[in-house]
Amino acid sequence: MLRVVSVSSPAWWPALLFSGVLLLQGCSLLPKKEATEGKPVAGLVRSGNADTDTGGTPDKDGKDEKKADKRDAFTVDVRGPTAVRDYLALHLEIQRYRELDDLGATEISRLMVAAETNARELLGTLGYFTPTLTLELNETPASTKAPREIVINVSPGEATKVSNVQISYAGPIADDIAAESQRDSIRTGWALRAGLPFTQQAWDDAKTTALRNLTAKRFPTGNIEVSRAEVDADRSEARLSVTYQSGPAYKFGPLVLRGMQRYDPDGARRIARLPSGTDYDQQKLLDAQQRLASSGYYDSVFLTLDTDSGNPLAAPVIAQLREAPLQKVVLGAGFTTDNGPRLSIDHIHNQIPLLGWRAVSRLSVDNDIQSLGTEWNAIPDDRGWRWFAGGELKREESGSYIVDSGRLRGGRNKAGDHIDRSYFLQYDYTQNRGIDAPPSASAVTANWGWTGRYFDNNAAPTRGYGLALEVAAGYTLTGQQLPFTRTYARWLGVVPVGFAEDTETRARRSRLQLRVEAGAVAAKDIAQIPSTLMFLTGGDTTVRGYSYKQIGTVRADGQIVAGRYLGVASVEWQRPFVYNDKLTEWESVVFVDAGAVADKPGELKPKVGVGVGARWRSPVGPVQADLAYGVDTKKFRLHFRLGFNF
């Protein structure tokens, strides 16, 4: 038996009238509430009802053979271009009725007519408004899936493209000279431009993205006042127009704290550094929220602008806070390919007596490093500067020796949105243990540090750069008291290159990650400088293919010690991984690292590591795994780490 229903343009009105009549008749096919309550519906009998005897014979496992052999009433086979075939097969409503038993030819014909209308609507969301559809009903008694097959042949026709886009504004933004750049930014950032294919999803996404750009600055109550998509099916063109109502311009008012009990409210305001009196900016609000959340004083933080206050020129910012305990102990366990398994215990005191500072003390033990340290920080002042002090005792395997060291430091620092600054005094002491170990040493230094981060995303950057500088001047305290200087610089750049081909989503570009490190300690040869102020390299984050701090100055007896000069360079190509024409959260990398340490610049001889790796953009940050080959050691080494830090 073969039934064919052919529908094609341009016979619109007869087809619509005919479809309307049949759809009215087909309403009886829709499941009703009474049917779920045990009342029968003519022509539609659902199998497997728990209250109905199926008449089947239980098999040896006690199961109903009739249920086991149950077939669907029909199958649906959509044929056409891949772009529309899978979409229709997934979303056609006729799929819901496949499991209904005892559907007659008349009922299935009605479902086919409804499916034709449904398919046209679905194709319209993809931008195909003049499709040709042919529906066939085939008897398939020999099939194990169903006794009938509905074949839907789809010829989508010409895709509709955007011919014109009109973006207009209502409210204060329309005539505000200060908002000109924001208006231009919304227009230039509009995603669904003239000449691009029109789809409902692209249209919705473009409107939503533009609305986010509107409400991100100055106009948080903005909305879409009018939007219209006029489709000319005969010409396969769509004319788009949207009007955005900005609402009033807002400025940040006072920070209103809710949930404060044990900690100083003024301290919370200084940590947040909300720019009261300035134009509303969503990113500044998020930055203030992040500063409070990362301060350690609060377990949860949520900041919102109060747009119901009635005063847009000084709208309060409501901070919903849940304070952290005054003290807590945190036990930790971890693993690094540099130092193996690690156990740690942290004690946090958010308000130490007398000073009122926050103290974090840690005991950490792994294969190569055992340390005990504490760091104290004051609440920042109105300019963001804070006092800090700290101390640490450490035993670690450094080069060919075990080094016992101690450190005390104190000074001031400031953490900004992009730039961190610090200046402090520091005392260092080291003692090397082993055969023919270098002598112990101690020194005091005055230090200045500056770090700038200009990445598009500090947690998982795809472009941008970071630069860190350290400068110190000091005196040795062991042996002859001699002056020395120490300088260190680190730069990392992420440069987009090329594209990863992805047919369904916007491509994430391939990247080159370039890294350079350099350091120098200038002093007389006889100066006994603590090894913790000199340089060693090698490991997960420096020169891969070598173990942690394996690269240093090689003495005549073959022992490795810290050196006075450091040079490191790295090139890494990161390429997104595409599977089945879809962009995944995985990336492949190829890299070359090189590093050298020596006591004189002319003796720097780089040791090279090459390898391949993978990156996974996990919800908690990038997971990085690399297999590197040390050209000098002629050995492979696995490097694994979580997150990105600069």
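Since the model is predicted, local features need pLDDT of at least 70 and side-chain atom pairs count only at pLDDT 80 or more, while totals for chains, interfaces and linings use all residues. Residues are numbered from 1 along each chain as its sequence is written, and side-chain values use heavy atoms, with hydrogens and water left out.

The sheet comes up first. Helices (H or I, at least four residues) and strands (E, at least two) are DSSP runs, numbered from the N terminus, and two strands pair if DSSP finds at least two bridges between them. Strands of a sheet pair through backbone hydrogen bonds, either parallel or antiparallel. Here, three strands make up an open sheet in the order β7-β9-β8, with mixed pairing. The edges are taken by β7 (161–170) and β8 (223–232), each with a single partner strand, so one side of each has no neighbour in the sheet. From one strand to the next, the twist averages 10° (axes are lines fitted to C-alpha atoms, for helices over the stretch in contact, and angles run from 0 to 180 degrees between N-to-C directions). Nine bridges join β7 to β9 (residues 237–245) in the parallel sense, and K161 stands opposite E237 in β9. Lying across β8 and β9 is helix α7 (residues 200–215), which runs at about 25° to β9.

Next, a loop residue. I379 sits in the loop between β16 (369–377) and β17 (385–398). Its relative accessibility is 26%, so I379 counts as partly exposed (buried means under 20% relative accessible area, exposed over 50%, and partly exposed in between, with a 1.4 Å probe and protein chains only). Neighbours within four places in sequence aside, I379 is in contact (heavy atoms within 4.5 Å) with G267, R270, I271, Y297 and R386. For G267, the C-alpha to C-alpha distance to I379 is 6.1 Å, although 112 residues separate the two in sequence.

Then there are the charges. Side chains of opposite charge can pair when their charged atoms come close. With a salt bridge taken as a side-chain nitrogen of Lys or Arg within 4 Å of a carboxyl oxygen of Asp or Glu, the count comes to 34. One of them joins R228 and E230 at 2.7 Å, N to O. R228 has a relative accessible area of 48% and is partly exposed; E230, at 32%, is partly exposed too. Another salt bridge pairs E396 with K549, whose closest N and O atoms are 3.3 Å apart. E396 belongs to strand β17 and K549 to the loop between β23 (510–522) and β24 (553–554), so this pair ties together parts that are 153 residues apart in sequence. Both E396 and K549 are buried.

D593 and R515 also meet in a salt bridge, at 3.8 Å from N to O. This pair links distant parts of the chain, with D593 in strand β27 (residues 582–598) and R515 in strand β23, 78 residues apart. D593 and R515 are both buried. Through shared partners, salt bridges join R515, E517, R544, E572, D593, R615, D626 and R641 into one network.

Rings of Phe, Tyr and Trp (its six-membered ring) pair if their centres lie within 6.5 Å, with planes under 30 degrees apart counted as stacked, over 60 as edge-to-face and the rest as tilted. The structure holds 14 such pairs. F455 is in strand β20 (residues 441–455) and F644 in the segment after β30 (635–642), so the pair ties together parts that are 189 residues apart in sequence. F455 is buried, with a relative accessible area of 9%, and F644 counts as buried at 16%. W586 and W616, by contrast, are stacked, with centres 6.0 Å apart and 20° between the planes. W586 lies in strand β27 and W616 in strand β28 (residues 607–618), 30 residues apart. W586 is partly exposed at 45% relative accessibility, as is W616 at 34%. Y263, Y297 and Y298 form one aromatic cluster.
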